[in-house]
Amino acid sequence: MTETMSRTECQGFAALVDEYMDGELDPRLRAACEAHVASCPECGQWLARARRAQELLASGPRVEPGRGFRLALRGRLEVEQLRRRRRERVIRSAAAFLAPATVAALVLVQHMPAGRDRLPEASRVTASAAHGPTTGPGTPWMAPPQTADTGAAMVRGADPAPVPRLVVPSVNTPRSRRGVAPHIPKPTPAAASPEGPTTSSDSGDGLDSVLEAVPAPSVHAPIQFAADRHSPSYVTPALAQTAPATPAPPLVRPLPAPDGVFAAGRDTTYEV
Amino acid sequence: MALEAIGVARPDSIASVAPTRVEALAHRAARGDVDAFDELVSLHAGKVVNLAFRLLGDATDADDVAQEAFVKAYRSLPRLRDRSQFTAWMLKITTNACRDYLRRRGRRDEVGLDEAINHAGGDATAHVVEQQETQARIRHLMNTLPQKHQIVLYLRDIEGLSYDEIATTLGCTVSSVKNRLHRAREAFRIRAMPYVDEVLPWE
């Protein structure tokens, strides 16, 4: 019984020995520990060894920072500060550039029309990134690089939110033929899209140059960027200077799709 | 502040620095203020260099590693969320820097134990040799302990801080300090007892 009590006390003492050695125990527990050490030779011996280990740890010289420690460190810190400032400047300027670009890209994605004409995600992202911030209501990510014979490029503001129909031209059709325009029924509100994926591109900034460079057949599409934009016979100023009084045969014509159907706009589909 | 005054005095240093002051300086330093960080250096250089010296055993190495630790701290300070814990964080960075340094030296630390003991022979007296051997062993033992044990042992048994002061430094409760210290000492004693009996024979 006494032995059991002693073991319990020894365990209790072992749990408190560090606080006892450090003088952090309250007087009551301290007195209990002292009494136990006095009555238990094993714990007394163990305490003495523990104190020696602690002394061993605490022994040894202390050192001071070497001469010039702070001076050298100060130099390194100032170099580090310069680096940090340079990094911050780069980040700030990158943010100033990227923030509007990101916003524009998000706006484009938001305004993308739904439907089967959507491009796959990857190509849409690529296209919108390549075109940069475009503010038009159309679908600029669907427009291929503007070419002189892109009939759709001549349409401007025909429909605030057109949902173009993609018509793939025949692969066997030579490109030179696309500029030839035989008799074509006169389409109304918007131009056809002979270049397949090309649809209404009413938002490109380079549209004016395209319009000036390409004579637009009046039979093809109404050109709607001048005062008389609803007139089907309206032509660009450039065309007006060069074109004869009689309407010139259109150079651009929408080509029939393999199924014999071509689309001019959302609501315009003609049987050829 | 004069170089001599850089926290090399025994124990009082960490406790004498008001935590709020350290925190305020840490906030300024986190924004890149070198003067504020310089002040933090002046408050902590003694502890950092001595901790490094305890772990490396060479004053020159300790200086180098302490500088490295301070530069790392300056760089990482913006990422320290609780700036009031700068002191504890700084000591952790120091122990990490010492560990990296020892690793870079290709674990010469373990060889260094024997080297240091043999090298201690030199022209020193028997007493000095004995002391150097002991220090080399203790250093070796400290290096085998987990980082948090090293720090708490250093703060209590080498810097002599009270439990309250350690709790403030480490940002934990006093009971947590007691637990950590108890475990750290147990781990140290298990390793140190053979040396204790050998180096400090019973009178």
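Visitor: In what order do the elements of chain B run from the N terminus on?
Guide: This is a predicted model. In it, chain B runs α-α-α-α-α-α-α-α-α-α from its N terminus.

Visitor: How many helices and strands does that come to for chain B?
Guide: Ten helices and zero strands.

Visitor: And chain A, how many helices and strands there?
Guide: Chain A has eight helices and two strands. Along the sequence, the pattern is α-α-α-α-α-α-α-α-β-β.

Visitor: What share of chain B is buried?
Guide: Of its 203 residues, 54% count as buried.

Visitor: What about the buried share of chain A?
Guide: Chain A has 272 residues, and 38% of them are buried.

Visitor: Contacts next. In chain A, what percentage of those with a separation of 6 or more join residues 24 or more positions apart?
Guide: That comes to 73% in chain A. In chain B, 66% of the contacts between residues at least 6 apart join residues at least 24 apart.

Visitor: Let's talk charges. How many salt bridges over all chains?
Guide: The count is 20. In general, side chains of opposite charge can pair when their charged atoms come close.

Visitor: Which residue of chain B does A:Arg76 meet in a salt bridge?
Guide: B:Glu68, at 3.0 Å from N to O. A:Arg76 sits in helix 4 of chain A and B:Glu68 in helix 4 of chain B, residues 59–76, so this pair joins two chains.

Visitor: Is A:Arg76 buried or partly exposed?
Guide: Partly exposed, with a relative accessible area of 31%. B:Glu68 is partly exposed too, at 28%.

Visitor: What does A:Glu80 pair with?
Guide: A:Glu80 forms a salt bridge with B:Arg75, 2.9 Å from N to O. This pair also crosses between chains, from helix 4 of chain A to helix 4 of chain B.

Visitor: Which side of that pair is buried, and which is partly exposed?
Guide: A:Glu80 counts as buried because its relative accessibility is 5%, and the cut-off for buried is under 20%. B:Arg75, at 40%, counts as partly exposed.

Visitor: Within chain B, what does B:Asp33 bridge to?
Guide: To B:Arg28, with the closest N and O atoms 3.1 Å apart. B:Asp33 is partly exposed at 24% relative accessible area. B:Arg28 is partly exposed as well, at 34%.

Visitor: Which residues are linked in a network of salt bridges?
Guide: From chain A, A:Asp18 and A:Asp22 take part. From chain B, the network takes in B:Arg156, B:Asp157, B:Arg185 and B:Arg189.

Visitor: Switching to the surface. Which residues form a positive patch?
Guide: A:Arg85, A:Arg86, A:Arg89 and A:Arg92 form a positive surface patch.

Visitor: Where does A:Arg85 lie?
Guide: In helix 4 of chain A, which covers residues 69–110. A:Arg76 and A:Glu80 belong to helix 4 of chain A as well.

Visitor: How accessible is A:Arg85?
Guide: A:Arg85 is partly exposed, with a relative accessible area of 45%.

Key:
Residues numbered from 1 in each chain as written. Chains lettered and ligands numbered in written order. Predicted model: local features only at pLDDT ≥ 70, side-chain atom pairs only at ≥ 80, totals over all residues. Heavy atoms only, no water. Patch = residues over 30% accessible without salt bridge, like charges linked within 9 Å, V, L, I, M, F, W, Y side chains within 5 Å. Areas by Shrake-Rupley, 256 points an atom, 1.4 Å probe, with all protein chains shown as cover. Salt bridge = Lys/Arg side-chain N within 4 Å of Asp/Glu carboxyl O. Lys, Arg positive; Asp, Glu negative; His and termini not counted. Charge placed at Lys NZ, Arg CZ, Asp CG, Glu CD. Helix = DSSP H or I, 4+ residues; strand = E, 2+ residues; numbered from the N terminus. Buried < 20%, exposed > 50% of the residue type's maximum accessible area, 1.4 Å probe, protein only. Contact = heavy atoms within 4.5 Å.
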